[in-house]
Amino acid sequence: MKIRIGKAADNDFVIDDPQVSRYHAQLTRDEKGNLLLDDLGSTNGTFVNDCQIVRKYVSAADGITFGANYTLTVNDILKRDNDYSEEFARLKNVYDEYIREKIRVQSSNQFKTRLFQSLPFAVVGVAGIVLGFMGHTNKGVFIFSFILAVLAPTIGIYFGARQAAKIPAQLQRLAHQFKIDYVCPKCGTFLGEIPWESLSNKKRCPVSACRAKWIRT
């Protein structure tokens with residue numbers, strides 16, 4: 001990718017300023033994604049973070065001044081054609097992590113719910129064998145065994161229901177954060193639970209006032 005910058009109309013990024021040369025500078029992105037800024041022999045110079053340069057590797061956040069007054073960031077130049085492909089690419093991790101965490105919450109809570117509900121029955125089964133053996137000659141032990149057989153499942157159902165009730169709250173918190181993070185990097189519109197790969201096939205934001213490019217072509 002090469003972006004030629006200057007006052008002439010045939011530049012990729014046109015700056016209408018008397019201190020800017022017709023062909024002032026050029027911003028290049030190499031195959032590794034590095035950004036290189038070259039001054040093209042301008043009259044009034046190119047400055048990166050207030051230091052004049054002839055050629056320099058820059059980052060998206062660096063401030064650039066062309067001539068005496070015209071200042072902007074590297075990111076402003078990169079967005080000249082509504083290109084938000086790098087920001088959109090990072091949303092893949094947001095979506096993948098959301099799905100992994102959602103599955104983890106559901107499976108973990110379902111396991112705990114079943115454990116709480118079934119463990120008392122198992123305990124009663126073992127206790128019933130022991131106490132039943134002892135209780136055939138002891139009325140008090142027999143009554144206790146009966147009470148245990150009634151209460152234990154009830155307790156299991158109670159704790160199982162409490163555990164199951166936690167799932168909606170945990171999923172709601174997860175979904176709330178997802179709605180904050182999984183948005184168009186330009187207009188901030190929530191992208192729903194549509195898989196990232198499906199969105200990438202659209203290539204750009206469907207919001208008519210935005211139309212940010214998601215995939216560099």
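Author: Strand 5 (residues 46-48) and strand 8 (residues 63-66) run antiparallel and are joined by three bridges. Strands here are DSSP runs of E with at least two residues, helices are runs of H or I with at least four residues, and both are numbered from the N terminus. Two strands are said to pair if DSSP finds at least two bridges between them. Within this pairing, V48 stands opposite I64 of strand 8.

The model is predicted, so local features need pLDDT of at least 70 and side-chain atom pairs count only at pLDDT 80 or more, while totals for chains, interfaces and linings use all residues. Residues are numbered from 1 along each chain as its sequence is written, and side-chain values use heavy atoms, with hydrogens and water left out.

Strand 8 also pairs with strand 9 (residues 70-73), in the antiparallel sense and over four bridges. There, F66 has Y70 of strand 9 as its bridge partner. Three residues lie between the strands of this hairpin, and G67 takes a positive phi near 70°. In a regular strand the side chains alternate between the two faces of the sheet.

Another group of strands forms an open sheet of five, in the order 2-1-3-4-7, with mixed pairing. Its edge strands, strand 2 (13-14) and strand 7 (55-58), each pair on one side only. Strand 1 (residues 2-6) runs parallel to strand 2, and two bridges join them.

From the N terminus on, the elements run β-β-β-β-β-β-β-β-β-α-α-α-α. Of the contacts (heavy atoms within 4.5 Å) with a separation of 6 or more, 43% are between residues 24 or more positions apart. Buried residues make up 35% of the 217 residues, where buried means under 20% relative accessible area, exposed over 50%, and partly exposed in between (1.4 Å probe, protein chains only).

A search of the whole structure finds zero disulfides, a disulfide being a pair of cysteine sulfur atoms within 2.5 Å. The sulfur of C205 is too far from its closest cysteine sulfur for a bond, because that sulfur, in C187, is 3.8 Å away. C205 counts as buried, at 1% relative accessibility. For C210, the closest cysteine sulfur is likewise in C187, at 3.7 Å, and is too far for a bond. C210 is buried, with a relative accessible area of 6%.
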